[in-house]
Amino acid sequence: MIRLYMSMSLDGFVVGPDDSPEEPMGRGGFRLFNWLDDRHSDGPSGQVYAESLATGALIAGRRTYEHAGRWQGDHHDGVPIFVLTHHPDDTPPGTARYVTDVADCAAQARAAAGDRDVMVHGAGAAQSLLRAGLLDELELHVVNVLLGQGRRLFDNLPAEYIELEPLRQLQARDVTHLRYRVLK
């Protein structure tokens, strides 16, 4: 199962304006992660966080990967990191590797994850996987805020419907965790 995990504002932004490696979430964007204050709780946010850390591989877009400081070579538990990029111009640290083809990236991540799920981070990676029909589920952490500007999660999709089946809705302090299956 390849599942996107993304925090976003109610108006669809995943980072605030002017994001950069020095300010990875843009101005005001770290507000989207306040729900992680409850990540070790027994409540919905703790459940969702534990599920995300049970994944066996990670796919990320290059921009997300770079802005996250390459996770210092390890996103969680040493799982393989597959960075979807057009420009594999150096050797990434730790378990990370660059992949230029979206289908190859998905296949490598699935194989590496074994019987565990694959986590996806980043708007660009999510859009590429959706366009290719390779994203199975969306886990969206919709935060009770309107950022008004920044980078939207679904800006660069083709003008065609992508049907979603709701799987769950978990209400937590300051966030609603929504999970959808992508219907193919």
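I began with the second largest pocket, which has a volume of about 290 Å³. For the record, a pocket is an open set of points on a 1 Å grid over the protein atoms alone, with protein on both sides within 12 Å along at least five of seven lines, and lining residues have an atom within 4 Å of a point. The volume is the space filled by probe spheres set on the points, which are joined across faces, edges and corners.

This is a predicted model, where local features need pLDDT of at least 70, side-chain atom pairs count only at pLDDT 80 or more, and totals for chains, interfaces and linings use all residues. Residues are numbered from 1 along each chain as its sequence is written, and side-chain values use heavy atoms, with hydrogens and water left out.

Next I looked up the lining of the second largest pocket: 16 residues, with Leu84, His86, Gly124, Ala125 and Ser128 nearest its centre. H2 and helix H4 (123-131) are the elements that give two or more residues to this lining; helices are DSSP runs of H or I with at least four residues, strands are runs of E with at least two, and both are numbered from the N terminus. H4 provides the largest share, four residues. I noted four nonpolar, nine polar and three charged residues in this lining (nonpolar: Ala, Val, Leu, Ile, Met, Phe, Trp, Tyr, Cys and Pro; charged: Asp, Glu, Lys and Arg; polar: the others, Gly among them).

I stayed with H4 for a moment. Seven of its nine residues are buried, so H4 is largely enclosed by the rest of the structure; buried means under 20% relative accessible area with a 1.4 Å probe, protein chains only. Ala125 and Ser128 are among the buried ones. After H4 comes Gly133, with a positive phi near 75°.

Then I turned to the largest pocket, which holds about 860 Å³ of space. Of its 30 lining residues, Phe33, Ala68, Trp71, His75 and His121 are the closest to the centre. Strand S1 (2-9), strand S2 (13-15), helix H1 (44-53), H2 and strand S6 (118-121) each give two or more residues to the lining. H1 gives the largest share, four residues. The lining divides into 17 nonpolar, nine polar and four charged residues.

Last, I checked backbone angles. Most residues other than glycine have a negative phi. Arg70, in the loop between helix H2 (62-67) and strand S4 (81-84), has a positive phi near 55°. Arg70 counts as buried because its relative accessibility is 17%. Asp174 has a positive phi too, near 75°, and I found this residue in the loop between strand S9 (164-172) and strand S10 (175-182).

Notes
Buried < 20%, exposed > 50% of the residue type's maximum accessible area, 1.4 Å probe, protein only. 1 Å grid on protein atoms, 1.4 Å probe; cavity = no way out; pocket = protein on both sides within 12 Å on 5 of 7 lines; lining within 4 Å.
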